[in-house]
Amino acid sequence: MCEEEGLSFSVREYSFAGELEREEQKAELVVLIPEVLDCQYGMYVWPCAVVLAQYLWFHRRALPGKRILEIGAGVSLPGVVAAKCGAEVILSDSAELPQCLENCRRSCRMNSLPGVQVTGLTWGQVSPALLALPPVDVILASDVFFEPQDFEDVLSTVYYLMEKSPHTEFWTTYQVRSADWSIEALLYKWELKCLQVPLESFGANKEQLAGSSLPGRHTVEMMILMLARGKHCASPNIGKELIYK
Ligand SMILES: C[S@@+](CC[C@H](N)C(=O)[O-])C[C@H]1O[C@@H](n2cnc3c(N)ncnc32)[C@H](O)[C@@H]1O
């Protein structure tokens, strides 16, 4: 247990390792994520976050030079991994949940990432903070499709950012909680297309990832959303051939 300004939290370590064919040295990344024991959603790492972080780690060579926004970041494991791999990262969580924004900042401090900006973005709200954002290449989100009444707010925020820069892609992992939930009609309404990314294509079809047993037996899936009419270059090397396989 650690303490900061009277708040107790525990710190979990996530370690990513892997060799690519042409890599001479074994690549390794260890990130530290502080978690607060609290019933609020954004205070600890969710299984989807480990899967999305694994996707980023697997495609780490394509990240430098990309501007990436994470929404509903909570303790921000995917955003921290992206920043550690060289992306320019902006973390966000609900503007109405200052503790979650503080979690984003704490995760940055713990991983020596002073350059990561943290901002309050509430899904579905066209706020000054949303208007002030620069164009981004990628929007990340892990486990933001957990309340059906919020699905359209998430997608409208994503759509707003894609309108600003039509090449933007939305990389998201979600937990299958109910067979009745679907975003299909919303994708049609917001003119978005969806590519499902198989977990095995980025080494995430395991119960244990990054030294964590969090994915466990949860059914986590990954998809990439983009404007149906857009031109996509955020991830020239990322995923395309894997996605279509
Ligand atoms: C299930 S948690 C996932 C947290 C983190 N992405 C992860 O996977 O570990 C959902 C996150 O969405 C944030 N959130 C909930 N409602 C929101 C809203 N209306 N606007 C923005 N963020 C919201 C919560 O604060 C929380 O951080």
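Tutor: A place to begin: leucine 140 stands opposite tryptophan 171 in β8. This is a predicted model, where local features need pLDDT of at least 70 and side-chain atom pairs count only at pLDDT 80 or more, while totals for chains, interfaces and linings use all residues. Residues are numbered from 1 along each chain as its sequence is written.

Student: What makes β7 and β8 a pair?
Tutor: Two strands pair if DSSP finds at least two bridges between them. β7 and β8 have five, in the parallel sense, so they meet that definition. β4 (residues 67-70) and β7 (residues 138-142) pair in the parallel sense too, over three bridges, and isoleucine 68 has valine 138 in β7 as its bridge partner. Helices (H or I, at least four residues) and strands (E, at least two) are DSSP runs, numbered from the N terminus.

Student: Why are β6 and β9 called edges?
Tutor: The open sheet has seven strands in the order β6-β5-β4-β7-β8-β10-β9, with mixed pairing. β6 (117-120) and β9 (192-197) each have a single partner strand, so one side of each lacks a neighbour in the sheet. Neighbouring strands here are turned by 25 degrees against each other on average, direction ignored.

Student: How do you know that glutamine 196 is exposed?
Tutor: Count the C-beta atoms, placed from the backbone: with 20 or more others within 10 Å a residue is buried, with 12 or fewer exposed, and in between partly exposed. Glutamine 196 has 9 other C-beta atoms within 10 Å, so it is exposed. This residue sits in strand β9.

Student: What does glutamine 196 touch, leaving out residues up to four places away in sequence?
Tutor: Glu221 and Met223, where contact means that the C-beta atoms, placed from the backbone, lie within 7 Å. The C-alpha atoms of glutamine 196 and glutamate 221, 25 residues apart along the chain, are separated by 7.9 Å.

Student: What makes β8 "largely enclosed"?
Tutor: Six of the seven residues of β8 (residues 169-175) are buried, so the rest of the structure largely encloses the strand. For α2, eight of the eight residues are buried, so that helix is largely enclosed as well. Among them are Leu77, Gly79 and Lys84. Across the chain of 245 residues, 42% count as buried.

Student: Why are α1 and α2 called roughly parallel?
Tutor: The axes of α1 (residues 47-58) and α2 (residues 77-84) come within 8 Å and cross at roughly 15 degrees. That makes α1 roughly parallel to α2, because angles under 35 degrees get that label, over 145 roughly antiparallel, 65 to 115 roughly perpendicular, and the rest oblique. Axes are lines fitted to C-alpha atoms, for helices over the stretch in contact, and angles run from 0 to 180 degrees between N-to-C directions.

Student: Which residues meet in that contact?
Tutor: From α1, Ala49, Val50, Leu52, Ala53, Leu56 and Trp57; from α2, Leu77, Pro78, Val81 and Ala82. They divide into 10 nonpolar, no polar and no charged. Ala, Val, Leu, Ile, Met, Phe, Trp, Tyr, Cys and Pro count as nonpolar, Asp, Glu, Lys and Arg as charged, and the others, Gly among them, as polar.

Student: And where does α2 lie relative to β2 and β3?
Tutor: α2 lies across both, running at about 145 degrees to β3.

Methods. Two residues are in contact if their C-beta atoms, placed from the backbone, lie within 7 Å.
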